[in-house]
Amino acid sequence: MSGALRIDRVVTSGVFELDGGTWDVDNNVWVIGDDDEAVVVDAAHDPKPIMEAVGDRHVTAVVCTHGHNDHVTFAPQLGEDMYAPVLVHPGDDPLWQLTHPGQRYWHLTDGQRIGLAGTEIHVIHAPGHSPGSVCLYLPEADALFSGDTLFASGPGATGRSFSDFPTIIGSIRDRLLTLPEQTRVHTGHGDATTIENEAPHLAEWIARGY
């Protein structure tokens, strides 16, 4: 590994579109790596600040936590510019096709390991917000990149097409809250949280139904 492993956050702004609605959103884009190479998580809205955060490092992959347009806006362009594969879970192909019809991508699978800077990112399939939602776990850094599956305020939204509340609750309960409590959760929007902070609230989320 060249230099210390680090996690850079880039915030980009744009529009989320689905089911005929539009919402102005700020997205967290995550650049994970060392001095030589990096993985980009969720190439949203504006490629310029993302590429600035990458700098002269080699991008080994552009990973999409799910297929909503605000998380994949520039994934194909960034992959082409950086000579990097774009990775999407095939469960989200219908959503991907809404934004990038006919554009090819590499398949993410549950349990897949993505090599990076002498360590590995673990892929966790966590459906509910969308059928192909994934979270990315980096044990070495006690870090989870949760996309829109888990936020500081609870589960991601499930009131739109391709989403399901009982499914996201099952994913969070069985796949995420079982991680070490010190795990820091880097979310797709807004502030970070920890597994320790969120685990006590599961029953509240179930009771409120969202």
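**Charged pairs and a buried aspartate**

Modeller: Arg175 is partly exposed, and its relative accessible area is 30%. Buried means under 20% relative accessible area, exposed over 50%, and partly exposed in between (1.4 Å probe, protein chains only). Please note that this is a predicted model: local features need pLDDT of at least 70, side-chain atom pairs count only at pLDDT 80 or more, and totals for chains, interfaces and linings use all residues. Residues are numbered from 1 along each chain as its sequence is written, and side-chain values use heavy atoms, with hydrogens and water left out.

Colleague: Which side chain does Arg175 meet in a salt bridge?

Modeller: Its partner is Asp110, at 3.2 Å from N to O. A salt bridge here is a side-chain nitrogen of Lys or Arg within 4 Å of a carboxyl oxygen of Asp or Glu.

Colleague: Buried or exposed, or in between, for Asp35?

Modeller: Asp35 is partly exposed, at 41% relative accessible area. Arg6 is partly exposed at 31%, and Asp8 is partly exposed at 22%.

Colleague: New topic. What joins strand E1 to strand E2?

Modeller: There are 13 bridges between E1 (residues 6–18) and E2 (residues 21–33), and the two strands run antiparallel. Two strands pair if DSSP finds at least two bridges between them. Ser13, for instance, has Asp26 in E2 as its bridge partner. E1 and E2 form a hairpin with two residues between them, and Asp19 in the turn has a positive phi of about 55°.

Colleague: And Asp42: where is it found?

Modeller: Asp42 is in the loop between strand E3 (37–41) and helix H1 (47–54). It is buried yet has no salt bridge, and the nearest side chain of opposite charge, Arg9, is 11 Å away. For charge, Lys and Arg count as positive and Asp and Glu as negative, while His and the chain ends are not counted.

Colleague: What does its side chain reach at 2.7 Å?

Modeller: The side chain of Asp42 reaches the backbone nitrogen of Thr65. Leaving aside residues up to four places away in sequence, Asp42 touches several others, among them Asn28, His66 and Gly147. Contact means heavy atoms within 4.5 Å.

Colleague: Finally, how many helices and strands has the protein?

Modeller: The protein has seven helices and 14 strands. Its radius of gyration, taken over C-alpha atoms, is 16 Å, close to the 17 Å that the globule rule gives for 210 residues, so the protein is as compact as a globular protein of that length. The globule rule is 2.2 Å times the number of residues to the power 0.38. Buried residues make up 53% of the 210 residues.

Terms used:
Helix = DSSP H or I, 4+ residues; strand = E, 2+ residues; numbered from the N terminus. Polar contact = N/O pair within 3.5 Å; in protein donor to acceptor, adjacent residues only side chain to side chain.
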